[in-house]
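Thanks for asking me to take a look at this one. Here are a few points to read with the structure open beside you.

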Amino acid sequence: MHPMLNIAVRAARNAGEIISRSADNVGKLQINRKGINDFATEVDRMAEQEIIKIIKTAFPDHAILAEESGEHKGNDFVWIIDPLDGTTNFLHGFPVYAVSIALQVKGKLELGVVYDPLRDELFTAERGGGAMMNNRRIRVTNQTGLKGALIGTGFPFKSQQHLDAYLGMFRTIHADSAGIRRAGAAALDLAYVAIGRLDGFWEIGLHPWDMAAGILLIKEAGGVATDFAFQDNYMETGNVIAGNPKMHQVLYQAIEPHVTEALTRLKAK
């Protein structure tokens, strides 16, 4: 897997350079609205094209699932790509966004890369090989309860039918935790759980490219991630709870009373 990780790192860094070069010219960018509160820019597309070019040059038979261009058919090796997670932040000059690249083989996540070009922080993980940040091994925290815990989340702005359920979860967790942070880039939130900057995380309505790399980072850093039914169907439901084993259990217990039937349903293919 090492050569593939090297390719993913090179692709992420090249995409990061494209994003950084464009950060001072946001006002001149062409912006497309994909849906409610969902935007794409020419930077998203250029960064994605660069990632795909690097991957396809090295592995022409591999499949790709990318946020902007969708599915590219191939074999059992599937690269899951978010070229710019946090586009809305990027457009507003809010300094929280990242590149996310993961590789899934026959349904199992094998490697993940999350790259923050602003801080030059490179998070990497290989299945069975641990998680790193800039070549330094990282671990989830030892926090055992909500008291004193800092928790990350994301608002369900694309899934507003779940807003009432989410607010119930928020109230329960907010009442006992040290604080809740919503930065607007799930890939980085998950990476921050892996490195211990956050004690836990939950969100409704994510896409595979938002979470694939970050979930592998957490697992390889000693953490746990499930969907709201305590299963591994987060890529299919879009819903995730993550943290160290104890914090995951605590978050699940806080969230479970507010989970509706609709939130445990798998998304239609």
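Which strands does H6 lie across, and at about what angle does H6 run to E7?

1. A word first on the source: this is a predicted model. In it, H6 lies across strand E3 (63–66), strand E5 (77–85), E6, E7, E8 and strand E9 (130–133). Its direction is at about 100 degrees to E7.

2. The sheet itself is open and has eight strands, in the order E4-E3-E5-E6-E7-E8-E9-E10, with mixed pairing. Strand E4 (70–72) and strand E10 (136–137) are the edge strands, each pairing on one side only.

3. Do have a look at strand E6 (residues 98–105) and strand E7 (residues 108–116): they run antiparallel and are joined by seven bridges. Val 99 stands opposite Tyr 115 in E7.

4. Helix H5 (residues 186–195) packs with helix H6 (residues 208–220) at an angle of about 0 degrees, and their axes are 8 Å apart. Angles under 35 degrees count as roughly parallel, so H5 and H6 are roughly parallel to each other. On the H5 side, the contact is made by Ala 186, Ala 187, Leu 190, Ala 191, Val 193 and Ala 194; H6 contributes Asp 210, Met 211, Gly 214, Ile 215, Leu 217 and Ile 218. These contact residues divide into ten nonpolar, one polar and one charged.

5. Finally, Thr 124 sits in strand E8 (residues 121–126). Thr 124 counts as buried because its relative accessibility is 12%, and the cut-off for buried is under 20%. Beyond its neighbours within four places in sequence, Thr 124 is in contact with Leu 5, Val 9, Gly 112, Val 113, Gly 130, Ala 131, Met 132 and Leu 217.

Key:
Residues numbered from 1 in each chain as written. Predicted model: local features only at pLDDT ≥ 70, side-chain atom pairs only at ≥ 80, totals over all residues. Heavy atoms only, no water. Axes fitted to C-alpha atoms, helices over the stretch in contact; angles between N-to-C directions. Helix = DSSP H or I, 4+ residues; strand = E, 2+ residues; numbered from the N terminus. Parallel < 35°, antiparallel > 145°, perpendicular 65-115°, else oblique. Contact = heavy atoms within 4.5 Å. Nonpolar A, V, L, I, M, F, W, Y, C, P; charged D, E, K, R; others polar. Buried < 20%, exposed > 50% of the residue type's maximum accessible area, 1.4 Å probe, protein only. Pairing = 2+ DSSP bridges.
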